[in-house]
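Colleague: Please take a close look at one part of this model and walk me through how its residues are placed and what surrounds them.

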Amino acid sequence: MNSSPPGLRLLRPPTVIGQFHTLFFGSVRTFFLGVLGFAVYGNEALHFSCDPDKREINLYCYNQFRPITPQVFWALQLVTVLVPGALFHLYAACKNIDQEEILQRPVSTGFYIISVLLRIILEVLAFWLQSHLFGFLVDPVYMCDLSALAKIFNISKCMVPGHFEKTIFLSAMYTFTIITILLCIAEIFEILFRRLGYLNQPVT
């Protein structure tokens, strides 16, 4: 018998798929972003060069090329997607609902399903934003519009460092997003099946 207080057990999702999602989300995805993301994007601004190679032009064009840095965007995505689950666990802790009781109560089950649906919506929104901000391929050359600087030339040719490895990293982040969406959908089906009695064994 587990003698841990209910609040500690609530740190674990009430479903098998939810626990796997937490492991995947919390370890693999965060490690990939924190370690490899810094290696790929850490010095991008320093090596981003335009023609002519002047500091003000390089800085202006890099800000145009990257309205938001990928590391900041993905960090915000990770934090945002965690919010629905955190709010649900706060609700369960306030109601003193044990982990094993979450799927046994219709109200708490409904709230948990809503939190999973919100995670799906946030992941889909992040996928859409990422595609509009970064695209799916990183070109080796970026044509920068300098008309706002009132230069004698309006277009500057900029070289993007490590474009191929950035394309690979982008593809990996899209894949992670798709995997987490599929896991959330699968978790909803697991909840429904368990509520119908097909998967009535408690999560250990």
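Modeller: Tyr91 sits in helix 5, which covers residues 70-94 (helices are DSSP runs of H or I with at least four residues, strands runs of E with at least two, both numbered from the N terminus). This is a predicted model, in which local features need pLDDT of at least 70 and side-chain atom pairs pLDDT 80 or more, while totals for chains, interfaces and linings use all residues. Residues are numbered from 1 along each chain as its sequence is written, and side-chain values use heavy atoms, with hydrogens and water left out.

Tyr91 counts as partly exposed because its relative accessibility is 22% (buried means under 20%, exposed over 50%, and partly exposed in between, with a 1.4 Å probe and protein chains only). Beyond its neighbours within four places in sequence, Tyr91 is in contact with Ile97, Val107, Ser108 and Phe111, contact meaning heavy atoms within 4.5 Å. For Phe111, which is 20 residues away along the chain, the C-alpha atom is separated from that of Tyr91 by 9.0 Å.

Thr167, in helix 7 (residues 163-196), counts as buried because its relative accessibility is 13%. A polar atom of the Thr167 side chain lies 3.0 Å from the backbone oxygen of His163, and, leaving aside neighbours within four places in sequence, Thr167 is in contact with Phe136, Leu137 and Val138.

In helix 4 (residues 55-65), the buried residues include Ile57, Asn58, Cys61, Tyr62 and Phe65. Seen down the helix axis, the buried residues of helix 4 fall within an arc of 125°, so they line one face of the helix, the arc being that of the directions from the axis to the C-beta atoms. These buried residues pack against helix 3 (44-47), strand 1 (49-51), strand 2 (141-145) and strand 3 (155-159).

Terms used
Polar contact = N/O pair within 3.5 Å; in protein donor to acceptor, adjacent residues only side chain to side chain.
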